[in-house]
Amino acid sequence: MNKKLSIRNNGMVWIAPAFLFLLIIIYYSIFYTFNLSTMDWDGLSPTMKRIGADNYTKMFADKVFWKAIRNTIVYFVITFVIQNFLGFVFAAILHSDVKLPTVHKCIIFIPTILAPATMAPVFRLMFSPQGMLQKFFNTVHIPITVDWLSKPQTALYVLMAIVVWEFTGMSFILYYAAMSQIDKEMLEAAQIDGAGNIRILITMIFPLCKGTTVSLAMLGVIGALKTFDIPYLITTGGPDHATEFLGTYIYRQGIRQSHLGYAAALSVMLLVMAVVGAFLTNKANKGE
Amino acid sequence: MFRGCKQFRKRKDDKMKKSISFVLATLMASSTILAACGTANTSAPASAAAPAAEPAEDASSGSDGAGGGSELVWWGWTPGSPLNEQYIAEFNKEFPNTKITWKQTTVDDYDAAIKPALANGEGVDIFEVSAGSANGGVGIFGGQAINMEEALKGYLGDDYADKLNEASLKSMTVDGELKALGVGTVYAGNLWINQDLFDEYNVKVPTNFDEWKSACDTFKENGIIGFVQGAGQGAFNMDTYHAICDNIQPGLFTKATRGEAEWTDPVFVQALDLWKKLFDEGIMQDGALGIQQYPEANNMFLSGQAAMVMMGSWYTMNCLPDTMRANMEAASSTDEPFAMVPINFPDIAGTGNVGYVFCDIDYATAVAKDAADVQAATDFALWLGASEAGQQMIADSLNLVPVLKSVSPNWDKVVLTNPEKQNKPVQEYLTNAMANPDNPRFGGISADLNQAMMDVLAGVASGTLSSADGAARLAEVE
């Protein structure tokens, strides 16, 4: 009786439904994926063949896998820096006395709410030699051929530009909210002591927004690892895997080529990297 | 007293923690064991374990009578609404008690959507499959379909094989079982040209590399793209490469897909060189690798921005003015339909080997093992793929070439946009295509070879891979 009461008092009864749900849906799926990663299976055939760690051996020898990892790292570093720099600057500007602040906020944030599926054909056309950007260059007589999506050397950077355009609004809104929490009297005191705006921005406001930066870094790491829609819809991971990410490669292997076991091994690696990435960013936050 | 109470509470808390740990550990362990039980079973998913329901011997005496009727769901990606609903309406004239709902996905999403649906075993009664490594490949999805052979025998007789296109049976047979009934074949390996533009700018229809390049240059000077290809969509690159290979040495490509020739053969290296030359010499439009065949290249051709495109027999339907007008509107063009005609792939290797096309079943209809009413579903598959009425509908739509040999488009009834310019080349094209020897399009290509070929073609075109290395990479595919 006492035991029952104590369990109830500790809230076990109340968290049990959610806990069981989590256990069954999330952890079971993870375990299932891990189990699948040791199989050779096309997803439908009646027989699954257990092959141990072969899928992992294959993965570490797979050039496309390493290309996807490299792309993910480059993509994260560049988009994170540019996106957050712009978001921070826009937030700082809009905290000063600009006219029509709401209009500016909307303009900055609207790309974030546009669905990539809607925008993908627009970007494919915009960045093609028959598109709007090419027409603009032709009109102003700038001798540039807009065939960047068709070249492995440039396609990834076009995608990064699109992502920066799309998600700068998110960084902006979070930095804007963080800056709203800063005590204005402290900034006024700094001004009285002779600090200029840029110095206040760098040495006071930016450090005070560290929590936001770390949160954005964590979201950025996970987002980069999960990247799928924009490369899949715009370049389908090409040309020649130049814009391949783990997400697109998992889809390609699992669905297109019906190597579900191999796709599961890639998914397990994705999970491990996401956990490590989140752990490191979290540690960086606490490390101060 | 206070300390003693605290110690008591500590012991109680420790006990409590142990209890919680025990409960958690038990839950985790049982969950793991259950999971292991569920997944360590290396046999089939439940749906596949169900016994296959075989159709009746006499498939024609199906579910049309005054019985209770059936409700079926037909999954597929082609030809798309409203044509599928029109087929169903025609079918219902003979089989009024069978209600069929058409469920369409995009061609790219089909595999991802149908796989879990079939594995679930419910909600899929009839589904489209295609040959080889194309989407909805029968090699993957055929395992969830019944064997149609007996039903087909009952419908067309023991000599059914003589009455149908050979590819429709061959490419749909998996492990000796006929897993689906072909509806129509598609042929690829040719170009379509906007004849009106050729006439307007007095451009010679290209028959070799130089003429092709010259035609592209002339159009470019007039602000029109000569040849357009969405080389970002690999399947169409494979068509072009296959056509080049057939131009150099007909049939070798097919032999290689069957393991009867090596991909490192000089023919394939030469074909990759010619493929690259199409990009280097400006036959392929600038930025070709950055766009898709659908929608961009298709839209450019249909809106008159491009004069030539690499498409197959499925494009014949655009010779019908109403179909073309609808497709032009979808391509954001309000112009009047133009005369488009098929031409042979130019003799770019200078061998004289031209006019070769390759074919596959565009799609076939499979009946799911777990269909709600296998008999009614079989009736529909037979009506669409083996009946005169169903096949005539397919033929007259010009979307596909019918698989039933006794049926051909009713040219008295089918009126093209510009009969004077189009009738002869279109009829000759279809006749020539149907007479071509055994030369599958994707039918003999595995999913892995398909991916490797798309990678190699993109790599060679973009200059990141040499032709020799590309051919070697194809040879590496098991």
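Okay, chain B to start: of its 478 residues, 50% are buried. Keep in mind that this is a predicted model, so everything I say today is read off a prediction. Chain B carries 20 helices and twelve strands. And if you take contacts in chain B between residues at least 6 apart in sequence, 79% of them join residues at least 24 apart.

How is chain B divided up? There's domain 1, made of 70–185 + 360–402, and domain 2, made of 190–356 + 428–476. Notice that each domain is written as two stretches of the chain. Their C-alpha centres lie 29 Å apart. Where the two domains of chain B meet, 14 residues of domain 1 are in contact with 18 residues of domain 2. On the domain 1 side of that contact you'll find six nonpolar, six polar and two charged residues.

Now let's look at a sheet. Chain B has an open one built from four strands, in the order 8-9-7-10, and the pairing is mixed. Which strands stand at the edges? Those are strand 8 (225–228) and strand 10 (340–344) of chain B; each has a single partner strand, so one side of each has no neighbour in the sheet. On average, neighbouring strands here are turned by 25° against each other, ignoring direction.

As a quick reminder, strands of a sheet pair through backbone hydrogen bonds, and they can do that parallel or antiparallel. This sheet gives us an example of each. Strand 7 (residues 190–194) and strand 9 (residues 306–309) of chain B are antiparallel, with two bridges between them. If you want to find those on screen, B:Ile193 has B:Met308 as its bridge partner in strand 9 of chain B, and B:Trp192 has B:Val309. On the other hand, strand 8 and strand 9 of chain B run parallel and are joined by three bridges. One pair to click on there is B:Ile225 with B:Ala306, the latter in strand 9 of chain B.

What packs on this sheet? One element is helix 10 (residues 209–221) of chain B, which touches strand 8 and strand 9 of chain B. The direction of helix 10 makes about 130° with that of strand 8 of chain B. Another is helix 18 (residues 419–435) of chain B, touching strand 7 and strand 10 of chain B, and its direction makes about 40° with that of strand 10 of chain B.

Most residues other than glycine have a negative phi, and most peptide bonds are trans. So here are a few spots that go the other way.

In chain A, the peptide bond from A:Gly238 to A:Pro239 is cis, with omega near -5°. You'll find A:Pro239 in the loop between helix 12 (229–234) and helix 13 (246–256) of chain A. The loop between helix 12 and helix 13 of chain A also holds A:His241, which has a positive phi of about 65° although it is not a glycine. Is A:His241 buried or exposed? Buried: 24 other C-beta atoms lie within 10 Å, and the cut-off for buried is 20 or more.

Chain B has its own examples. A cis peptide bond, with omega about -5°, joins B:Thr78 and B:Pro79. To get to B:Pro79, go to the loop between strand 1 (70–76) and helix 3 (83–94) of chain B. Then there's B:Leu398, another residue other than glycine with a positive phi, near 60°. Where is B:Leu398? Look in the loop between helix 17 (388–396) and strand 12 (401–402) of chain B. B:Leu398 counts as buried because 21 other C-beta atoms lie within 10 Å, where 20 or more is what it takes.

Note on methods
Residues numbered from 1 in each chain as written. Chains lettered and ligands numbered in written order. Predicted model: local features only at pLDDT ≥ 70, side-chain atom pairs only at ≥ 80, totals over all residues. Buried ≥ 20, exposed ≤ 12 C-beta atoms within 10 Å, placed from the backbone. Domains from an automatic or database assignment. Contact = placed C-beta atoms within 7 Å. Nonpolar A, V, L, I, M, F, W, Y, C, P; charged D, E, K, R; others polar. Pairing = 2+ DSSP bridges. Axes fitted to C-alpha atoms, helices over the stretch in contact; angles between N-to-C directions.
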